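Welcome! Take a look at it first, and then we will walk through it topic by topic.

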Amino acid sequence: MSEPIGNLIDALGVEYTPRDDDLVSGAVVLLKVIQSDGSVRLHSCWSDGLSWIERLGMLRAAERDEQS
């Protein structure tokens, strides 16, 4: 069953402080999920309207930012 992800993100303490002129227009979320058997998996989800190329581009840009 799908549910909005906001409460999960809030519970993990994830925050973003936008500047006055920022307009958030999309999101890609990576989740580390620990399953009931203790195994760990990675899951991704994204906002409506993002194409696969935009999602991939956002991930690559985040990867570059993390390395600098």
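Which elements each supply at least two residues of the lining of the largest pocket? They are β1 (28–34), β2 (40–46) and α2 (52–67). Please keep in mind that this is a predicted model.

**Overall layout**

- The protein chain contains two helices and two strands.
- Starting at the N terminus, these elements follow one another in the order α-β-β-α.
- With a radius of gyration of 14 Å, well over the 11 Å that the globule rule gives for 68 residues, the protein chain is more spread out than a compact globule.
- Along the principal axes, a box of roughly 45 × 25 × 25 Å holds the C-alpha atoms of the protein chain.
- Of the 68 residues in the protein chain, 7% are buried.

**The largest pocket**

- The space in the largest pocket comes to about 410 Å³.
- Its lining has 17 residues, and the closest to the pocket centre are Ile9, Val14, Val28, Val29 and Leu30.
- Helix α2 gives the largest share of this lining, with five residues.
- Sorted by class, the lining of the largest pocket holds 14 nonpolar residues, two charged ones and one polar one.

**The second largest pocket**

- For the second largest pocket, the volume is about 300 Å³.
- The residues lining the second largest pocket include Glu15, Tyr16, Leu23, Ser25, Gly26, Leu50 and Met58.
- Val14 and Val28 also line the second largest pocket, and both are among the residues closest to the centre of the largest pocket.
- Eight nonpolar, two polar and one charged residue make up the lining of the second largest pocket.

**Rings and charges**

- Look for Arg55 and Trp46: the charged end of Arg55 sits over the ring of Trp46, at 3.8 Å from the ring centre.
- As for aromatic pairs, the count is zero.

**A closer look at Asp10**

- You will find Asp10 in helix α1, which covers residues 6–11.
- Is Asp10 buried or exposed? Its relative accessibility is 55%, so Asp10 counts as exposed, given that the cut-off for exposed is over 50%.
- Asp10 and Asp22 are twelve residues apart along the chain, and their C-alpha atoms are separated by 20 Å.

Methods:
Residues are numbered from 1 along each chain as its sequence is written. This is a predicted model: local features need pLDDT of at least 70, side-chain atom pairs count only at pLDDT 80 or more; totals for chains, interfaces and linings use all residues. Side-chain values use heavy atoms; hydrogens and water are left out. On a 1 Å grid over the protein atoms alone, a cavity is a set of points where a 1.4 Å probe fits but cannot get out, and a pocket is an open set with protein on both sides within 12 Å along at least five of seven lines; lining residues have an atom within 4 Å of a point. Grid points are joined across faces, edges and corners, and a volume is the space filled by probe spheres set on the points. Helices (H or I, at least four residues) and strands (E, at least two) are DSSP runs, numbered from the N terminus. Ala, Val, Leu, Ile, Met, Phe, Trp, Tyr, Cys and Pro count as nonpolar, Asp, Glu, Lys and Arg as charged, and the others, Gly among them, as polar. Rings of Phe, Tyr and Trp (its six-membered ring) pair if their centres lie within 6.5 Å; planes under 30 degrees apart count as stacked, over 60 as edge-to-face and the rest as tilted. A charge sits over a ring if NZ of Lys or CZ of Arg is within 6 Å of the ring centre and within 35 degrees of the ring normal. The radius of gyration is taken over C-alpha atoms; the globule rule is 2.2 Å times the number of residues to the power 0.38. Buried means under 20% relative accessible area, exposed over 50%, partly exposed in between (1.4 Å probe, protein chains only).
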